[in-house]
Amino acid sequence: MTQFLDMNIKAEHFTHMAELGFNVVRLPLGYWNLIDFPGSSTPNGPSEITWRFRNLQKLMPASSYRKWIDMVFQYARAAGIKVLMDLHSVPGGQTGNMNTGCDFGDDGNLYFTTDWNRKQGQLAIEEMARICAEKGSTCWGIELLNEPYGPWDGQKLPRDTLKQFYSGAMKAARRHLHKDVPLVINDWPNWIKKYWKHNRFSYEEYGHVVFSTHLYQYPEDWTTDQQKARDSFQQDLDILSDFHKNTGSEIFVSEYALNSHGNGKGDDNFDYGAMTHWFVHQFNQHGLGSVIWNYDSWHEAWGPGQH
């Protein structure tokens, strides 16, 4: 783990991002990077996976990861970039395997539904707030939870339950953070439209609250036609525009990618530059801006490192 982190967090990465024009980097963190569970306890979950949680916690204590979190802020500050801290994985998991740190087996499992797991998740957010406050203006804000599953397909994370969790977590974060530092609520476009358009948080009680969403399309076949690729995002862009214009709350796109147009290799003729130019213009027009996933994606055609 230490070798991996040393290899993937380097000053030249941040210099390169700044040269490309980026001014904010989103830093995904798992709860195990931020808090230790007391004694031999783990997040709630079936016995067949809690041993995985314990092994994950045994890799290193949370305090050991602080070295690399500090390095991210150090390199970002030197490059003139701000950092958005993102709780990408909560105890028990709020979404599929890609956000858990270990294999749950069935990708549809989530166990963030228990009081114990949500309590520990709040402690992780409070720790992020402490770090953010310590880093001053280099810390742009905190994204409270990445891509929570919706209460469909047998999942049991109703948005009213999520709102209750956010309420407690934001109050805990504000014990350390000034009210003007953004706290970000992330959800998929349909939930932005159906729920968060009608459920927001006052500045007086919670401080500066910003919303974010993720825009992805996964056609069965690669979309190599530029206009068709753009048209596939129109419904989500309409939701973004409507929220931006009619709620009085700020919103931005905290993930989008350049996937599903080609393999990103030498024989790929899709005009990624034109697509990115269009994305950035749309997101700036209908919100605060955007964050592309990600700097050095394993999939060549997803992030900006190759294009």
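How much space lies in the second largest pocket? About 560 Å³ lies there, in what is a predicted model, where local features need pLDDT of at least 70, side-chain atom pairs count only at pLDDT 80 or more, and totals for chains, interfaces and linings use all residues. Residues are numbered from 1 along each chain as its sequence is written, and side-chain values use heavy atoms, with hydrogens and water left out.

A pocket here is an open set of points, on a 1 Å grid over the protein atoms alone, where a 1.4 Å probe fits and protein stands on both sides within 12 Å along at least five of seven lines; lining residues have an atom within 4 Å of a point. Grid points are joined across faces, edges and corners, and the volume is the space filled by probe spheres set on the points. The lining of the second largest pocket consists of 22 residues, and Phe-22, Asn-23, Gly-289, Ser-290 and Val-291 lie nearest its centre. Strand S6 (251-256), helix H11 (272-285) and S7 are the elements that give two or more residues to this lining. H11 supplies the largest share, five residues. Sorted by class, the lining has 14 nonpolar, eight polar and no charged residues. In this sorting, Ala, Val, Leu, Ile, Met, Phe, Trp, Tyr, Cys and Pro count as nonpolar, Asp, Glu, Lys and Arg as charged, and the others, Gly among them, as polar.

The sheet comes next. Seven strands form an open sheet with parallel pairing, in the order S1-S2-S3-S4-S5-S6-S7. Strand S1 (24-30) and strand S7 (290-292) are at the edges with a single partner strand each, so one side of each has no neighbour in the sheet. On average, neighbouring strands are turned by 25° against each other, direction ignored. Helices (H or I, at least four residues) and strands (E, at least two) are DSSP runs numbered from the N terminus, and two strands pair if DSSP finds at least two bridges between them. Strand S4 (residues 183-186) and strand S5 (residues 209-215) pair in the parallel sense over four bridges. Asn-186 has Ser-212 in S5 as its bridge partner.

Helix H6 (residues 159-173) packs on the sheet, where it touches S4 and S5, and its direction makes about 160° with that of S4. Helix H5 (residues 115-134) lies across S1, strand S2 (82-89) and strand S3 (139-143), and runs at about 170° to S2. For these angles, axes are lines fitted to C-alpha atoms, for helices over the stretch in contact, and angles run from 0 to 180 degrees between N-to-C directions.

The axes of H5 and H6 come within 9 Å and cross at roughly 35°. In this contact (heavy atoms within 4.5 Å), Arg-118, Gly-121, Gln-122, Ile-125, Glu-126 and Ala-129 of H5 meet Thr-161, Phe-165, Gly-168, Ala-169, Ala-172 and Ala-173 of H6. The contact has six nonpolar, four polar and two charged residues.

A further helix pair is H2 (residues 11-20) with H4 (residues 62-79), whose axes come within 9 Å and cross at roughly 40°. Ala-11, Phe-14, Thr-15 and Ala-18 of H2 make the contact with Val-72, Tyr-75, Ala-76 and Ala-79 of H4. These residues divide into seven nonpolar, one polar and no charged.

Two backbone details remain. Glu-147, in the loop between S3 and H6, has a positive phi of about 45° although it is not a glycine. Trp-293 and Asn-294 are joined by a cis peptide bond, with omega about -15°; Asn-294 lies in the segment after S7.
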